[in-house]
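Grab a pencil and work through the exercises below. Each one sets a task and then walks through the solution.

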Amino acid sequence: MSQHWEEPPEEDGLTLGPEETLQREIEKSKALKVDRLRLRDEIDKLKAEKDELAQKNNLLKKRLTALGNPVATPDETEGPSRKTLIFALVSSFLALLWFFTRN
């Protein structure tokens, strides 16, 4: 037994014996395991919620298509407004042309 035991200092400035140090490490380990289990449970709950929301989303999409309203893509919603704008510009240009030729 030529090795000399040096007690590690703790956070609060006290030096604990080997039993107290071991007990504190065991408590830390238990706390980490509890946190890990809690996080796993939370992850499982979030995955279940995500799956449920995905199912609801699919159900709502099916209802929309059953009602005859297909899901609109951004290109489809932009198309009619662009066509309306072009039609309004052409018709206003023709109206101005007609007005100037009449006078």
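Helices (H or I, at least four residues) and strands (E, at least two) are DSSP runs, numbered from the N terminus. This is a predicted model, where local features need pLDDT of at least 70, side-chain atom pairs count only at pLDDT 80 or more, and totals for chains, interfaces and linings use all residues. Residues are numbered from 1 along each chain as its sequence is written, and side-chain values use heavy atoms, with hydrogens and water left out.

**Exercise 1. Find the helices, then check the span of H1 and what follows H1.**

Step 1: the chain has 2 helices and 0 strands.
Step 2: H1 covers residues 18-66, which is 49 residues. The expected span is 1.5 Å times one less than the number of residues.
Step 3: from first C-alpha to last, H1 reaches 71 Å, close to the expected 72 Å.
Step 4: just after H1, look at Gly68, which has a positive phi of about 90°.

**Exercise 2. Work out how many salt bridges the structure holds, and where the partners sit.**

Step 1: Side chains of opposite charge can pair when their charged atoms come close.
Step 2: the structure holds 3 of these.
Step 3: Lys28 pairs with Glu25, with the closest N and O atoms 3.9 Å apart. Both are in H1, 3 residues apart, about one turn.
Step 4: Arg38 pairs with Glu42 at 3.6 Å. These two are about one helical turn apart because 4 residues separate them in H1.
Step 5: Lys56 pairs with Glu52 at 3.5 Å, and being 4 residues apart in H1, they are also separated by about one helical turn.

**Exercise 3. Decide whether Phe93 is buried or exposed, and name the patch Phe93 belongs to.**

Step 1: set the cut-offs: buried is under 20% relative accessible area, exposed over 50%, partly exposed in between (1.4 Å probe, protein chains only).
Step 2: Phe93 lies in helix H2 (residues 74-102). Its relative accessibility is 54%, so Phe93 counts as exposed.

Terms used. A salt bridge is a side-chain nitrogen of Lys or Arg within 4 Å of a carboxyl oxygen of Asp or Glu.
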